[in-house]
Amino acid sequence: MELMGKNREKAGHTGTEGDLYRALAVGDLPAAWLSARTFIERAKTEKLAYTTAFNCGLCLYLLEEYEKSLAELTQAEQSLGNPPEFEMAEKKLFMQALSAAGPQTALLPLNPDSGKGLARYGLLRVKWLATLCLLHLGRQQEAASGIRFMRQYHIEIQ
């Protein structure tokens, strides 16, 4: 009996943080959902890495589950805290890179292997996607602070 239970656990295992990232990166939304649902359930009782919480939020956003996405993004933001701002010279090139990448950057997954040096970028991405969720939900007043935050980086959200 115990052996069968172990096999069932393995069959129910849907992947790692890397699997979720790769599924989102290639646009395989069904595979992303199968990976994300395990993490979403775990998030109810434990703290996820900000990249994992973001990627779960992104998956839910792509499924048009904006309220559920916000819950994951809130957890991601709490995990990040307030990372240090970019240095002035670094910020100029960063904003240039954001401008060149365009608005589709908001819908790219975050690499779970990202180091602490990308925490400020992670916060930017979390706030960007959360603001998009709020706008989809018609909650413009709540989205206003996210819109102001994004303007610091010359990102305009309609």
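Which residues are linked in a network of salt bridges?

Guide: This is a predicted model, and the residues linked in the network you ask about are Glu67, Arg139 and Glu142. Within it, the side chains of glutamate 142 and arginine 139 meet in a salt bridge, with 2.8 Å from N to O. Arginine 139 has a relative accessible area of 25%, so it is described as partly exposed, and glutamate 142 also counts as partly exposed because its relative accessibility is 43%, which lies between the limits of 20% and 50%.

The side chains of glutamate 65 and lysine 68 meet at 4.0 Å, N to O, and glutamate 65 is partly exposed, with a relative accessible area of 34%. In another salt bridge, glutamate 41 meets lysine 44 at 3.2 Å, again N to O. Here glutamate 41 is partly exposed at 48% relative accessible area, whereas lysine 44, at 61%, is over the limit of 50% and is therefore called exposed.

From charged partners we can turn to aromatic ones. The count of aromatic pairs comes to 6. In one of them, the rings of phenylalanine 86 and tyrosine 153 have their centres 6.4 Å apart and their planes at 90 degrees, so this pair is edge-to-face. The pair links distant parts of the chain, for phenylalanine 86 belongs to the loop between α5 (66–80) and α6 (88–101), while tyrosine 153 belongs to the segment after α8 (140–151), and 67 residues separate them. Phenylalanine 86 has a relative accessible area of 14%, which is under 20%, so it is buried, and tyrosine 153 is buried too, with a relative accessibility of 1%.

Tyrosine 153 also pairs with phenylalanine 149, and because their ring centres are 5.6 Å apart and their planes stand at 55 degrees, this pair is tilted. Phenylalanine 149 is buried, as is tyrosine 153. One aromatic cluster is formed by Phe86, Phe94, Tyr121, Phe149 and Tyr153. Lysine side chains are found over two of these rings: lysine 91 lies over the face of tyrosine 153, at 4.9 Å from the ring centre, and lysine 127 lies over the face of phenylalanine 149, at 5.1 Å from the ring centre.

The largest nonpolar core has 47 residues, of which Leu98, Leu124, Trp128, Tyr153, Ile155 and Ile157 touch the most other members. Two or more residues of this core come from each of α2 (17–25), α3, α4 (50–62), α5, α6, α7 (119–136) and α8, and the most come from α7, which gives 12 residues. In soluble globular proteins, nonpolar side chains tend to be buried together.

Some nonpolar side chains do lie at the surface, however, where Trp33, Leu34 and Leu63 form a patch with about 250 Å² of accessible area together. Tryptophan 33 lies in helix α3, which covers residues 29–42, and its relative accessible area of 33% is why it is described as partly exposed.

How values were computed
Residues numbered from 1 in each chain as written. Predicted model: local features only at pLDDT ≥ 70, side-chain atom pairs only at ≥ 80, totals over all residues. Heavy atoms only, no water. Phe/Tyr/Trp six-rings, centres within 6.5 Å; stacked < 30°, edge-to-face > 60°. Helix = DSSP H or I, 4+ residues; strand = E, 2+ residues; numbered from the N terminus. Buried < 20%, exposed > 50% of the residue type's maximum accessible area, 1.4 Å probe, protein only. Lys NZ or Arg CZ within 6 Å of the ring centre and 35° of its normal. Patch = residues over 30% accessible without salt bridge, like charges linked within 9 Å, V, L, I, M, F, W, Y side chains within 5 Å. Areas by Shrake-Rupley, 256 points an atom, 1.4 Å probe, with all protein chains shown as cover. Core = buried A, V, L, I, M, F, W, Y, C linked by side-chain atoms within 4.5 Å.
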